[in-house]
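Here are my notes on the model you sent.

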Amino acid sequence: MKALRITKDLTQKELATAAKVTRQTMSLIEKGEYNPSIALCLRICYCLNQTLDQVFWISQEEFKHEKNN
């Protein structure tokens with residue numbers, strides 16, 4: 001998500017404001033330390049002009065690796 005945000009030339013604060021959350025929440029989402037609701041995921045995607053898959057998809061391998069850590 002961070003890479004997409006940067007390509008859109010948005011700061012965390014700008015994206016957070018557009019998605020109606022705090023900058024701190026956006027930071028936690030980018031670090032993988034907060035699981036946003038589907039509604040928030042969609043707001044972020046709309047702000048970035050991307051699909052859910054493009055922003056939030058992780059492969060099975062990545063999921064297994066995360067689960068084991």
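1. D9 is exposed, with a relative accessible area of 67%. In this predicted model, D9 sits in the loop between helix 1 (2-7) and helix 2. Its backbone deserves a look: D9 has a positive phi of about 60 degrees, yet is not a glycine. Most residues other than glycine have a negative phi.

2. K20 is in the loop between helix 2 and helix 3. Its phi is also positive, about 65 degrees, and K20 is not a glycine. K20 counts as exposed because its relative accessibility is 69%, and the cut-off for exposed is over 50%.

3. Next, the helix pair on either side of that loop. How do helix 2 and helix 3 cross? The axes of helix 2 (residues 12-19) and helix 3 (residues 23-31) come within 8 Å, at a crossing angle of roughly 105 degrees. Angles of 65 to 115 degrees count as roughly perpendicular, so that is the term for helix 2 and helix 3.

4. Which residues make this contact? Helix 2 brings Q12, K13, L15, A16 and A19. Helix 3 answers with R23, M26, S27 and E30. By class, the residues of this contact are four nonpolar, two polar and three charged.

5. Helix 3 has its own buried set: T25, M26, S27 and I29. Their cover includes helix 2, helix 4 (38-48) and helix 5 (52-56). M26 and S27 also take part in the contact with helix 2. Just after helix 3 comes G32, with a positive phi of about 75 degrees.

6. I29 and G32 turn up again at the largest pocket. The space in this pocket is about 390 Å³. Its lining has 14 residues, and I29, G32, F56, I58 and E66 lie nearest the centre. Helix 3 and helix 5 are the elements that give two or more residues to the lining. What is the make-up of the lining by class? There are eight nonpolar, two polar and four charged residues.

7. Last, the cysteine. Is C45 buried or exposed? C45, in helix 4, counts as buried because its relative accessibility is 1%, and buried means under 20%. Leaving out residues up to four places away in sequence, C45 touches Q50, T51, L52, V55 and F56. F56 is also one of the residues nearest the centre of the largest pocket. C45 and A3 are 42 residues apart in sequence, and their C-alpha atoms are 13 Å apart.

How values were computed:
Residues are numbered from 1 along each chain as its sequence is written. This is a predicted model: local features need pLDDT of at least 70, side-chain atom pairs count only at pLDDT 80 or more; totals for chains, interfaces and linings use all residues. Side-chain values use heavy atoms; hydrogens and water are left out. Axes are lines fitted to C-alpha atoms, for helices over the stretch in contact, and angles run from 0 to 180 degrees between N-to-C directions. Helices (H or I, at least four residues) and strands (E, at least two) are DSSP runs, numbered from the N terminus. Angles under 35 degrees count as roughly parallel, over 145 as roughly antiparallel, 65 to 115 as roughly perpendicular and the rest as oblique. Contact means heavy atoms within 4.5 Å. Ala, Val, Leu, Ile, Met, Phe, Trp, Tyr, Cys and Pro count as nonpolar, Asp, Glu, Lys and Arg as charged, and the others, Gly among them, as polar. Buried means under 20% relative accessible area, exposed over 50%, partly exposed in between (1.4 Å probe, protein chains only). On a 1 Å grid over the protein atoms alone, a cavity is a set of points where a 1.4 Å probe fits but cannot get out, and a pocket is an open set with protein on both sides within 12 Å along at least five of seven lines; lining residues have an atom within 4 Å of a point. Grid points are joined across faces, edges and corners, and a volume is the space filled by probe spheres set on the points.
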